[in-house]
Amino acid sequence: MDKWKYARLAQFLFCLSLLFLETSFGLTGNKTLCLDKERDALLEFKRGLTDFFDHLSTWGDEEDKQECCKWNGIECDRRTGHVTVLDLHNEFTCSAGASACFAPRLTGKLSPSLLELQYLNFLDLSVNEFERSEIPRFIGSLKRLEYLNLSASSFSGVIPIQFQNLTS
């Protein structure tokens, strides 16, 4: 082969390796990872909540908010785009010398639309105000769930028997 063939071959192999890296590791700059079905499920979940402190202000279906993988409290698998983490926990804030603490909480009801998040493995809704409602049974159907925190969220009643399905 002459030197031009080597140069073209090297250029071809370089472009091919870049394409491989881009598709294998999600290195595209403008690629939208968020899956429509999962975005819709999260927006349905949001509709059941009252958010006085704008924790979910990055969530929406407006053009500049389409990428649910960039929303506060959401993490996605970089290769597949599936939502894997929903972390909407809150922190208690105590002022110096005060005898009371405060947590900017989400309130409302949990929507079973979360069942559309079939790859969810982390769910933290701790330190919120779910109005003394019963712990939703549907959480026991989140088959890939490995971490669940509902502490200090004002649920009432017994732990649903469906939680025995959470084997991870």
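Me: How many helices and strands are there in the protein chain?

Reply: Helices (H or I, at least four residues) and strands (E, at least two) are DSSP runs, numbered from the N terminus. Here the protein chain has two helices and eight strands, in the order α-α-β-β-β-β-β-β-β-β from the N terminus on. The model is predicted: local features need pLDDT of at least 70, side-chain atom pairs count only at pLDDT 80 or more, and totals for chains, interfaces and linings use all residues. Residues are numbered from 1 along each chain as its sequence is written, and side-chain values use heavy atoms, with hydrogens and water left out.

Me: Which residues of α2 are buried?

Reply: Buried means under 20% relative accessible area, exposed over 50%, partly exposed in between (1.4 Å probe, protein chains only). In α2 the buried residues are Glu-38, Arg-39, Ala-41, Leu-42, Leu-43 and Phe-45. They pack against β1 (49-50), β2 and β3, where contact means heavy atoms within 4.5 Å.

Me: Which residues touch the most other members of the largest nonpolar core?

Reply: A nonpolar core is a set of buried Ala, Val, Leu, Ile, Met, Phe, Trp, Tyr and Cys residues joined through side-chain atoms within 4.5 Å. In this core of 32 residues, they are Leu-42, Phe-45, Trp-59, Leu-86, Leu-110 and Ile-139. Two or more residues come from each of α2 (36-47), β2 (74-76) and β3 (83-87), and α2 gives the largest share, four residues.
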